[in-house]
Amino acid sequence: MLTFNLLPTSTVTFSKSNHKYLLNSSLFDPNLPNRNHYQPNPNFPFLPLLKSNRTRLIRSSSNPIPGISHPTSNFNQISRHPFGFSPRSTSQIPRSVSENGDGDFEVAKPNKTLQLALVFGLWYFQNIVFNIYNKKVLNIFPFPWLLASFQLFVGSVWMLFLWSFKLQPCPKISKPFVIALLGPALFHTIGHISACVSFSKVAVSFTHVIKSSEPVFSVIFSSFLGDSYPLKVWLSIIPIVMGCSLAAITEVSFNFQGLWGALISNVGFVLRNIYSKRSLQSFKEVNGLNLYGWISVISLIYLFPVAVFVEGSQWVSGYYRAIDTIGKPSVFYLWVILSGVFYHLYNQSSYQALDEISPLTFSVGNTMKRVVVIVSTVLVFRNPVRPLNALGSAIAVLGTFLYSQATSKKTVKKNEGEEKKSS
């Protein structure tokens, strides 16, 4: 008799025979999706095409099934995931298991080159489009508070539409859940509006270079709250600080409001991630996309009244100046709508990417995304770039890459230690 402990509270026993058994882990744990059959994702029509055939676990009578373990929490991955965690379960389900001639099992490795190219390509494209049209609007209509509110409004309407027509499962709303969201939504609001203010004052490339220093704030704030980091992590933030400093002092479009906006944005998003980790521990069943949707709704409620107070009296006159500048109202409306739609889409794609790739691949891809956005916006807006400014930007981005590598190794070791303790 062969016994497998698939769940903490259940045991499945098989009698010895010459037959093979087809095991589906979702039959034993209702919280795990059935990955043997493709389920279309209605709220993002492109990425389902990338789904590989998820796994069938096939075994013979003489060998155990490798790779089944209990889920582990990934709330400790603050700096690499929006809101501090990935939307998918971290259960280690083997991709594909087959028996070779010697009775051993071999894990099949599907070709992911095309899949990764499409995932990152779509994510990068949406981010580039957002940054371009966001800056185009701010160049002729310099009211970041209103534009940031509109972008949150578009995301809120988008998610409400998906929930209303059951295209996206709507999470169960309770008073504790709403209260737990108030803090992360506030910090998200601060991060978003500060970034928009920075975009309105300086070149997009400069804002993104400064925003690449977010890991510095993450390490500092997390350390104050009791987290410890190895020496490699602390060393990796040195080139980030040096590169951002060099880029700032050599930036042609330098503006203190733009600099402070980008720095405050970093603080806001880091505090959002840390606060989410602490306040949302009891709501892990809510996936990342739904969480982002509700944070967008609450952030809009936070931001719009303040926007009216800060710059509302100037909107009408600013609108007429923008129309006079661009000539065609329809073009202005199109730019504004595109900035709102692609702001939500690129955030949605980041969660879809997290569901398709590993956390380490995501963190590296996120670093490269910033490089692609910087280069693209420099080419589109023809911003003058001095050699030292380019060098500083490169050093900062390199430091961000080294940081992602160092923190990934730290997280892997921590998860392995938790698994050993639980076993």
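Predicted model: local features only at pLDDT ≥ 70, side-chain atom pairs only at ≥ 80, totals over all residues.
# Briefing: helix contacts, cores and loops

R382 lies in the loop between α12 (359–381) and α13 (387–422). In R382, phi takes a positive value near 55°, in a residue other than glycine. With a relative accessibility of 74%, above the 50% cut-off, R382 counts as exposed.

**A further loop residue with positive phi**

- K166 is placed in the loop between α3 and α4, and its phi is positive, at about 60°, although the residue is not a glycine.
- The relative accessibility of K166 is 73%, and K166 therefore counts as exposed.

**Helix α6 against helix α8**

- Helix α6 (residues 214–224) and helix α8 (residues 256–279) have axes that come within 9 Å and cross at roughly 50°, which means that α6 is oblique to α8.
- The crossing in which α6 passes α8 is right-handed.
- On the α6 side the contact is made by E214, F217, S218, F221 and S222, which meet L263, N266, V267, F269, V270, L271, N273 and I274 of α8.
- Sorted by class, the residues of this contact of α6 with α8 comprise eight nonpolar, four polar and one charged.
- I220 is also found in helix α6, and at 33% relative accessibility this residue counts as partly exposed.
- Between the C-alpha atoms of I220 and W234, which stand 14 residues apart along the chain, the separation is 9.5 Å.

**Helix α3 against helix α9**

- The axes of α3 and α9 come within 8 Å of each other, and the angle at which they cross is roughly 145°.
- For this pair, α3 and α9, the crossing is left-handed.
- The contact of α3 with α9 contains 17 nonpolar residues, together with six polar and one charged.

**Nonpolar cores**

- The largest nonpolar core is made up of 23 residues, and within it the residues with the most contacts are W123, Y343, A353 and F362.
- Two or more residues are given to this core by each of α2 (113–140), α3 (144–164), α4 (175–201), α9 (288–311) and α11 (329–356), with α11 giving the most, namely seven residues.
- Leaving aside residues up to four places away in sequence, W123 touches Y346, S349, S350, A353, F362, G365, N366 and K369.
- There is also a second, separate core, which has 19 residues and includes V202, V216, I240 and A406.

**Helix α5**

- Helix α5 (residues 204–211) is mostly covered, since eight of its eight residues are buried.
- The buried residues in α5 are V204, S205, F206, T207, H208, V209, I210 and K211.

Notes
Residues numbered from 1 in each chain as written. Heavy atoms only, no water. Axes fitted to C-alpha atoms, helices over the stretch in contact; angles between N-to-C directions. Helix = DSSP H or I, 4+ residues; strand = E, 2+ residues; numbered from the N terminus. Parallel < 35°, antiparallel > 145°, perpendicular 65-115°, else oblique. Left-handed = near helix turned anticlockwise from the far one by under 90°. Contact = heavy atoms within 4.5 Å. Nonpolar A, V, L, I, M, F, W, Y, C, P; charged D, E, K, R; others polar. Core = buried A, V, L, I, M, F, W, Y, C linked by side-chain atoms within 4.5 Å. Buried < 20%, exposed > 50% of the residue type's maximum accessible area, 1.4 Å probe, protein only.
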